[in-house]
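Visitor: I am new to this structure and would like a short tour. Could we take the strands, then the helices, then the core?

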Amino acid sequence: MNINAAYSAGRLTVYLVGELDHHQSRTAIRSIEELLDEYMPRDCVLELSQLNFMDSSGIALIVKTGRLMKEQGGRVWIENPATQPRRVIDASGIDRLIPVAINK
Amino acid sequence: MNSSNYIKIEFPSKSCNEAFARAAAAAFATQLDPSMEELGDIKTAVSEAVTNCIVHAYPQTIGKVSMRLRVIDSCILEISVRDWGCGIENVGQAMEPLYTTGGDDRSGMGFTIMDSFMDSLRVRSASGKGTTVTMRRCISPRTGRR
Ligand SMILES: Nc1ncnc2c1ncn2[C@@H]1O[C@H](COP(=O)(O)OP(=O)(O)OP(=O)(O)O)[C@@H](O)[C@H]1O
Ligand SMILES: [Mg+2]
């Protein structure tokens with residue numbers, strides 16, 4: 001999997017690209033931690049439109065990012081999840097904790 | 001003559017095999033002509049079951065994982081994932097949403113996801129002997145296809 005990031009005006013957008021499973025998640029979480037340390041954003045957006053696959057390891061990553069941002073006094077939300085991640089997000093009920101935004 | 005199709009794959013509990021197991025299950029499922037959504041559900045459930053073997057069944061060692069898929073009545077896919085690891089003491093508790101022994105790397109949602117993506121889920125486990133997770137998903141014939 002690949003992680004790309006864009007920062008502007010206090011908002012860090014993290015683009016998760018490819019497949020996010022247990023094998024990939026440790027590196028992915030470390031990359032996100034480094035990005036949050038570097039930019040100290042007010043808002044963090046997890047952009048999932050190019051994430052072809054994720055399982056519960058992705059849920060743990062989202063929850064962890066939420067906790068890190070809360071510690072910094074910031075907000076997190078998910079943007080444009082692709083179909084399969086969307087179904088996993090729905091099944092897990094994580095959207096009660098972390099909002100999901102769809103921008104077309 | 002109607003002997004149903006099956007495959008059986010065995011691999012070591014290395015995390016690099018998670019993606020392989022998903023891809024193999026998807027490739028086998030293709031014969032039932034699943035929709036993209038059904039294929040995604042099958043890959044997700046397999047990923048959860050196999051990851052549990054790798055993370056929980058053999059926490060400190062590399063052990064054997066076996067995955068079996070078969071077609072029942074030409075429309076039901078049965079997936080069975082087995083390990084010979086530590087086993088689960090209380091299966092009912094383990095299957096509850098958010099229950100995890102995996103700390104904050106895990107979300108405790110694996111069984112919940114398998115249960116909601118598959119039509120049936122059965123977990124058999126014996127402490128110190130291992131665990132078998134068996135799931136079934138009916139792949140409905142698609143109308144209007146050629
Ligand atoms: N194959 C297994 N061998 C031993 N214990 C298992 C096995 N599968 C699951 N468990 C136990 O059941 C618990 C719940 O499993 P479940 O998949 O629902 O959540 P998790 O693996 O902890 O987290 P997640 O799947 O969200 O990453 C695990 O924490 C573990 O204690
Ligand atoms: Mg799990």
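Guide: Let us begin with one pair: B:Leu121 stands opposite B:Met135, which lies in strand 5 of chain B. This is a predicted model, in which local features need pLDDT of at least 70, side-chain atom pairs count only at pLDDT 80 or more, and totals for chains, interfaces and linings use all residues. Residues are numbered from 1 along each chain as its sequence is written, chains are lettered from A and ligands numbered from 1 in the order in which they are written, and side-chain values use heavy atoms, with hydrogens and water left out.

Visitor: Over how many bridges do strand 4 and strand 5 of chain B pair?

Guide: Strand 4 (residues 120-126) and strand 5 of chain B pair over seven bridges, in the antiparallel sense. Strands are DSSP runs of E with at least two residues, helices are runs of H or I with at least four, and both are numbered from the N terminus. Two strands pair if DSSP finds at least two bridges between them.

Visitor: And what do these two strands of chain B form?

Guide: Strand 4 and strand 5 of chain B form a hairpin with three residues between them. In the turn, B:Gly128 has a positive phi of about 80°.

Visitor: What is the strand order in the open sheet of chain B?

Guide: The order is 1-2-3-5-4, five strands with antiparallel pairing. Strand 1 (6-12) and strand 4 of chain B are the edges, each pairing on one side only.

Visitor: Which residue is the bridge partner of B:Glu78?

Guide: The partner is B:Arg136, in strand 5 of chain B. Eight bridges join that strand to strand 3 (residues 76-83) of chain B, and the two run antiparallel.

Visitor: Is strand 5 of chain B mostly covered or uncovered?

Guide: Mostly covered: seven of its nine residues are buried. Buried means under 20% relative accessible area, exposed over 50%, and partly exposed in between (1.4 Å probe, protein chains only).

Visitor: On to the helices. How do helix 1 and helix 2 of chain B cross?

Guide: Helix 1 (residues 17-29) passes helix 2 of chain B in a right-handed crossing; a crossing is right-handed if the near helix is turned clockwise from the far one by less than a right angle, and left-handed if anticlockwise.

Visitor: Lastly, how many residues has the largest nonpolar core?

Guide: It has 63 residues, and B:Met67, B:Ile79 and B:Met135 have the most contacts inside it. Its largest share, nine residues, comes from helix 2 (residues 36-57) of chain B. Such a core is a set of buried Ala, Val, Leu, Ile, Met, Phe, Trp, Tyr and Cys residues joined through side-chain atoms within 4.5 Å.
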